[in-house]
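Have the model on screen as you read.

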Amino acid sequence: MENVKHFLQGLQLDSQCGSTVLVTGATACLAGALVLLARTVDGRRAAGRKIQKAKKLREDGLLRANQAVLHYKQSHPKMDSALVLSLSMDELTEKLQGDLLTPEDVFYSYMEKALSVDKKLNCCTAILLESFDQLKTLDPNKRGPLYGVPVSIKDNIAYKNYDSTCGLLTNVDHPAKSDSVIVEVLKRQGAIPFVKTNVPQGLLSYECSNVIYGQTVNPHNLQKTSGGSSGGEGALIGGGGSLLGIGSDIGGSIRIPAAFCGFCALKPTAGRLSSRGVSSASPGQKSVRSSPGPMAKDVDSLALCMQALLCDHMFDLDPTVPPVSFNVQTYRSSKPLRIGYIESDCLTQATPSMIRSMREVKALLEQAGHTLVPYTPPKMNYAFELIVKGILADGAYTLLQNLKGGPLDPCLKIQVRPYYLPIWLKKTLSFLLKPLSPRGSFLLESITGVGSIPKLWKQHAAVEEYIQETLAEWRKCNMDVLLCPMFGPAFNLTYCSRLSFPLSFTAIYNLLNFPAGVVPVSTVTAEDEDELRHYRGYFQDHWDKLFQKAVSGGQGLPMAVQCVAPPWQDELCLRFMKEVEELVKQSRK
Ligand SMILES: *[C@@H]1O[C@H](CO)[C@@H](O)[C@H](O)[C@H]1NC(C)=O
């Protein structure tokens, strides 16, 4: 700064012998520019310091957890962590409830495994050190249904004294003042939240990378993404470092990582579980609903988690949640179902592995005595427009505000760059592009924001109308549930931010607010990979080619299907998922 002052003083001397006005103007401009430059440099430094601090905090936690694990193993040489890690949730909880396993053995086995998975996949943002204390004070006389079960939670789910960064620098060093309702209830039911997991910068992406904690990758192939936004959960659970996790889903954020990493997950009806203390990328956005939900190795674990969460304690802590406990009867029912099925949607042609997975599951369900009826969702193009317009109704203002004060993650750049254009330019470009690239034109138009409050109300009304139209279609087909493709397999790194169209497969159920879950049913075969070479897509444009590239080289990667039920029928959705899971398991025998 001293240099700057001298420089400016020198200029003022000059002004005595020349045109005062001109130089004063120039001085002001220069001073302004220099202050701006100084601020940018200052800002960069501050961002760097923040990143370092957050990283150090994470490293310290990892170190302490490592030491604790080592210490425990030395003093408990008989601990059989391989056995613990091999148990299903059902087996594990039974052993814990019957004192055949100690919560300590389970906790340290999973902590050790989580640390090693994190080393490989970079999926944890924090070790919740309080979990060591919670373990000590666990009351064996009050055993909740999740007694002694370690649970991982996504970064944006508040845990007292820890940041919910949402992958954003602005949120670093703002630790939560209290636990989220979900964490409180989990603890009350005996579960031990033990780690927080990584997310994309700003949560609005289905890749998992940010400038604070870096990129999370897929447990089955390190060249592939773990998906997002609950991508840390995806990698950790898929890698075997956790058997139950809590994520959140606004366009597929729970379902995509679970499908990409090969396990089950449920996006419940938004409003069924409490969202208090769950940070969102765009609070106040009401068109496309976000919902927290469970992610786990099998469907029974999801059901157990839902049952544990849907209790009086949650209804007391958050009376805005309907006090409806878990309907075990619906979950256990074996009444034959009428199942609608979709083979593809009209925005993204399904890949060969998606089509094969769907056909196999459909055949299994038919053999098991269910009735399958073809179903076409009404007006998919229009619905997708409602989704994008809804999520970015503010013209991405909130997201861009959130992204201030730090560098942009490379994985987000291509997605976010057009958001910065002024509205008039987006509109003009969209108009000019229309004949050349209808989909490019559509994308630009859909990020202009809705514009005014009357238009926002119109958007909300249109969403309500679309929900009713869909329900009418379901009634016409007399469907109980819906089977649909889940896009996949896992994408190559950095492709997600360039490809928003595949999200129509998942985001439509956020728009409709129907519960939806994924179940792994297959893996990509050599034949699928061969056939993929002939994939053209419906539009044969830039995005279709990108999609083909994104899923290429996926042999052996997990493939899933999506199971959907009407609003508030979360138990029916889980029952349907369980049925698919069982049938696939039997068919492999
Ligand atoms: C995508 O990744 C796979 C697996 O690592 C690789 O075989 C394939 O060539 C990649 N495709 C593209 C287009 O980069």
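## Ground rules

This is a predicted model, so local features need pLDDT of at least 70 and side-chain atom pairs count only at pLDDT 80 or more, while totals for chains, interfaces and linings use all residues. Residues are numbered from 1 along each chain as its sequence is written, and side-chain values use heavy atoms, leaving out hydrogens and water.

## The largest pocket

The largest pocket has a volume of about 720 Å³. Its lining runs to 32 residues, with Q415, Y419, L443, S497 and S500 nearest the centre.

A pocket is an open set of points on a 1 Å grid over the protein atoms alone, where a 1.4 Å probe fits, with protein on both sides within 12 Å along at least five of seven lines; lining residues have an atom within 4 Å of a point.

## The second largest pocket

Next comes a space of about 610 Å³. There are 31 lining residues, and S275, S280, Q285, R289 and S290 sit nearest the centre.

## Helix α20

Helix α20 (residues 504-511) is mostly covered, with eight of its eight residues buried (under 20% relative accessible area, 1.4 Å probe, protein chains only). Just after α20, N513 takes a positive phi of about 55 degrees.

Key: Points joined across faces, edges and corners; volume = space filled by probe spheres on them. Buried < 20%, exposed > 50% of the residue type's maximum accessible area, 1.4 Å probe, protein only. Helix = DSSP H or I, 4+ residues; strand = E, 2+ residues; numbered from the N terminus.
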